[in-house]
Amino acid sequence: MVLTPYVLPGEQVRVAVARERKDMLEATVEEVLTPSPQRVEAPCAHFGTCGGCHYQHAAYAYQVEQKASIVREVFARIGRIEIPGEIETITGNPWGYRNRIQLHIDGTKIGFREGGSHKLQPIEQCPIASPKLNECIRIIRGMLKNGRWPGFLRSLELFTNEKHVQVNVIETMAGRRVARQFFDWCESEIPGAITGPLEYEGFRVSHRSFFQVNRFLLKKLVAAAMGEATGELALELYAGVGLFSLPLTDRFARVVAVESSKSAVEDLVFNANRANKSVEHHRASADLFLETMQRKPQFVLADPPRAGLGAGVVRDLIRLQPGRIAVVSCDPSTLARDAKLLLAAGYAMERCQVIDLFPQTYHIETITHFVHGG
């Protein structure tokens, strides 16, 4: 077996072996001899070196089609599950979509890591980052040449609503603290720079709180995850700052939100109070909370990390037997594992959707709705 990145199905290529393993070879493309009709010219000069993007060489419609095919194949291979009907795809603008990026710094160079390496790939701009983030990259590149820049700073995170940008220090040498004067300087040099919470479409988001990175698909994500669900009690697991919990209050008499992050819970409470929404919040892990829950919810919406729901959470969901479960997943393999358990317990898969939150990359986000047959 020869593993070669940046090759499309059906292409003939000339490769060079980069690494030999016991049962496979890893290779790099030297020349594309017969290109696929789906091959396009990557717009970024750093594509193939920078580790951020993986699919810029493929037409966007084809990228989305392949992601849906991968989901179907993973479900069949891991869960022995045949997804009913078509896998709907939900898309937005495939460029300039990211509202959050992490930038690595080495001397006067700033950029991203090379693929499979800690080596820095310097950049001047990023085509998947929003216009405001690209403005920040340009400004920070100039700031790096100033003697005021702390030489021990190794990485920054920028998060923006296109008017303001939250500046967070991620890594420094030996854990050294960055002085307040640095953030004051950022606020004077970068238009709209702030170091406190960012206001994002009605949600306060602190720097330790998770928030979705695709600025074009937030409303479509919320609408697709909620579907047509209504009733007395809705439970949201891994609730974050309330992206789903707040809209659920318009559909349900009672909404319970469970989140383990202290920062996110504080943001959720603030957001709910400001919007005059009644959300019952619990700072707890999903598995421990569910162990003590007795009342049956009509609807459960879960947006777990890459590890998925896990056997414990699925076990208690099966015990509670909600009529509907919606899972927003960033890993088809762990989703297939969890889905297999739900289907064995009497649930049916109503629909599975791919919502392409990460165009130009191999990351796959899905929304899957399960209904109980009883």
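Trainee: Which elements each supply at least two residues of the lining of the largest cavity?

Mentor: E17 and H9 do. Keep in mind that this is a predicted model. Among the residues lining that cavity are Val327, Val328 and Ser329, along with Thr334, Leu335 and Asp338.

Trainee: What makes it a cavity and not a pocket?

Mentor: A cavity is a set of points where a 1.4 Å probe fits but cannot get out, whereas a pocket is an open set. The structure holds one cavity of 30 Å³ or more, and about 40 Å³ of space lies in the largest cavity.

Trainee: What classes of residue make up the lining of the largest cavity?

Mentor: Six nonpolar, three polar and three charged residues.

Trainee: OK, over to H8. Why are Gly310, Val313, Val314, Asp316, Leu317 and Leu320 called buried?

Mentor: Buried means under 20% relative accessible area, and those six names in helix H8 (residues 310-320) carry that label, so each falls under the cut-off.

Trainee: How do you know that they sit on the same side of H8?

Mentor: They cover an arc of only 165° around the axis, so they share a side of H8. What covers them includes strand E13 (231-237), helix H7 (286-292) and helix H9 (332-344).

Trainee: And which element gives the most to the lining of the second largest pocket?

Mentor: E3 does, with five residues. That pocket has a volume of about 960 Å³ and is lined by 33 residues, with Thr4, Pro5, Tyr6, Val7 and His54 nearest its centre.

Notes: Residues are numbered from 1 along each chain as its sequence is written. This is a predicted model: local features need pLDDT of at least 70, side-chain atom pairs count only at pLDDT 80 or more; totals for chains, interfaces and linings use all residues. Side-chain values use heavy atoms; hydrogens and water are left out. On a 1 Å grid over the protein atoms alone, a cavity is a set of points where a 1.4 Å probe fits but cannot get out, and a pocket is an open set with protein on both sides within 12 Å along at least five of seven lines; lining residues have an atom within 4 Å of a point. Grid points are joined across faces, edges and corners, and a volume is the space filled by probe spheres set on the points. Helices (H or I, at least four residues) and strands (E, at least two) are DSSP runs, numbered from the N terminus. Buried means under 20% relative accessible area, exposed over 50%, partly exposed in between (1.4 Å probe, protein chains only). The arc is that of the directions from the helix axis to the C-beta atoms. Contact means heavy atoms within 4.5 Å. Ala, Val, Leu, Ile, Met, Phe, Trp, Tyr, Cys and Pro count as nonpolar, Asp, Glu, Lys and Arg as charged, and the others, Gly among them, as polar.
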